[in-house]
Amino acid sequence: MARTDNDTWDLATSVGATATMVAAGRARATRDALIDDPFAEPLVRAVGVDFMTRWAAGELSSADVDVPGAPWGMQRMTDMMAARTRYIDAFFAAAGEAGIRQVVILASGLDARAYRLPWPAGTTVFEVDQPEVIAFKQATIAELGATPTADLRAVPIDLRHDWPAALRQAGFDTGRPAAWAAEGLLGFLPAEAQDRLLDQVTELSADGSRLVAEVFWNTGVSGDALNAASGKWRENGLDIALGDLGFPGERNDVATYLADRGWRPARTPLNQLLADTGLPLQPEGPDAPFARNYYCAAVLHKAG
Ligand SMILES: C[S@@+](CC[C@H](N)C(=O)[O-])C[C@H]1O[C@@H](n2cnc3c(N)ncnc32)[C@H](O)[C@@H]1O
């Protein structure tokens, strides 16, 4: 179903299901000892989408669910989760070493960093996502008996609404630098909403703030190609049309946009992260959705 202006979801539907999917990838990458996210599998299991639970638990193989030779599938998604999780974990560790004690995870989904990373004492982690997503993760992790490793503040709100006000209300201090992550998010925002979000982050950020953003290279990638790559998922009981959830087409380049607003960005291609992790690269080509993705890590230098 096509996206609409004020659409909402839980973790089994629409964009919410992608949070469960990437958590299933982290669960699988944890089984393969590429990362260590002990919360991923129980969280996915609690959502209750059978296909995702079976992938997380190692009960489905790539041969069962992926289209042979396709540029995208559950195994490629899992490889991408392994690479990006390691990269963003390292980004937060470096921010902590630099003395940053405010962290904002935009579109937190089933991200368990607030429970699994060794945050420096005095760190506050803000998690922003839709209310149903936040409520589900909070309740499920509490049932698992886990406690946050930082001062965790939930900010349940749609990122198309006035989230900066909600973030401030939750205690965010615009006078102190922050480390921001937009992982698995920007492609789910329309082009102008992406710009607005980057403007809002810039406005809320004190000098020395850092941002890591996963940048989806949408131009020229057809949603049909993405849907075709997931054709065998439907045969295995997962009815999700990934290609219909994003907003393909021209949009501003994130690193360039940030550079024009005082940030000093560095780009790391997804394929470099995959290579660094010893994993197969994304194939290049018109129907290869993620081959040109990159990760943008930036530091803000405010004038004055
Ligand atoms: C692919 S998941 C990524 C989740 C998490 N960052 C991770 O990597 O595990 C996409 C997430 O973006 C969130 N999201 C997308 N658009 C949003 C919006 N307009 N407002 C709030 N959350 C949004 C979804 O709820 C979902 O949790």
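The following questions and answers cover helix packing, nonpolar cores and selected residues in a predicted model.

Reader: What pLDDT do local features and side-chain atom pairs need in this predicted model?
Author: Residues are numbered from 1 along each chain as its sequence is written, and side-chain values use heavy atoms, with hydrogens and water left out. Totals for chains, interfaces and linings use all residues, but local features need pLDDT of at least 70 and side-chain atom pairs count only at pLDDT 80 or more.

Reader: At roughly what angle do the axes of helix α1 and helix α2 cross?
Author: Helices are DSSP runs of H or I with at least four residues, and strands are runs of E with at least two, numbered from the N terminus. Axes are lines fitted to C-alpha atoms, for helices over the stretch in contact, and angles run from 0 to 180 degrees between N-to-C directions. The axes of α1 (residues 14-31) and α2 (residues 40-47) come within 8 Å, and they cross at roughly 140°.

Reader: Which orientation class do α1 and α2 therefore have?
Author: Angles under 35 degrees count as roughly parallel, over 145 as roughly antiparallel, 65 to 115 as roughly perpendicular and the rest as oblique. The axes of α1 and α2 cross at roughly 140°. The two helices α1 and α2 are therefore oblique to each other.

Reader: How many nonpolar, polar and charged residues are in the contact of α1 with α2?
Author: Contact means heavy atoms within 4.5 Å. On the α1 side the contact is made by T20, A23, A24, R26, A27 and R31, and on the α2 side by A40, E41, V44 and V47. Ala, Val, Leu, Ile, Met, Phe, Trp, Tyr, Cys and Pro count as nonpolar, Asp, Glu, Lys and Arg as charged, and the others, Gly among them, as polar. By class, the contact of α1 with α2 has six nonpolar, one polar and three charged residues.

Reader: Is the crossing of α2 and α7 left-handed or right-handed?
Author: The axes of α2 and helix α7 (residues 131-143) come within 10 Å and cross at roughly 115°. A crossing is left-handed if the near helix is turned anticlockwise from the far one by less than a right angle, and right-handed if clockwise. The crossing of α2 and α7 is right-handed.

Reader: Which residues in α7 are met by α2?
Author: The residues of this contact divide into five nonpolar, one polar and one charged. From α2, the residues L43, A46 and V47 meet F136, K137, T140 and I141 in α7.

Reader: Which residues touch the most other members of the largest nonpolar core?
Author: A nonpolar core is a set of buried Ala, Val, Leu, Ile, Met, Phe, Trp, Tyr and Cys residues joined through side-chain atoms within 4.5 Å. Buried means under 20% relative accessible area, exposed over 50%, and partly exposed in between (1.4 Å probe, protein chains only). The largest core has 69 residues, and the members that touch the most others are W72, F92 and W233.

Reader: How far apart in space are G96 and P120, C-alpha to C-alpha?
Author: G96 is found in helix α5 and is buried, with a relative accessible area of 11%. Leaving out residues up to four places away in sequence, G96 touches R101 and P120. G96 and P120 are 24 residues apart in sequence, and their C-alpha to C-alpha separation is 6.4 Å.

Reader: Which residues does S108 touch, not counting residues up to four places away in sequence?
Author: S108 lies in the loop between β1 (102-106) and α6 (113-116). The relative accessible area of S108 is 4%, so S108 is buried. Not counting residues up to four places away in sequence, S108 touches E127, V128, D129, I134 and K137.

Reader: Is A33 buried or exposed?
Author: A33 is found in the loop between α1 and α2. Although A33 is not a glycine, its phi is positive, at about 60°. Most residues other than glycine have a negative phi. With a relative accessible area of 67%, A33 is exposed.
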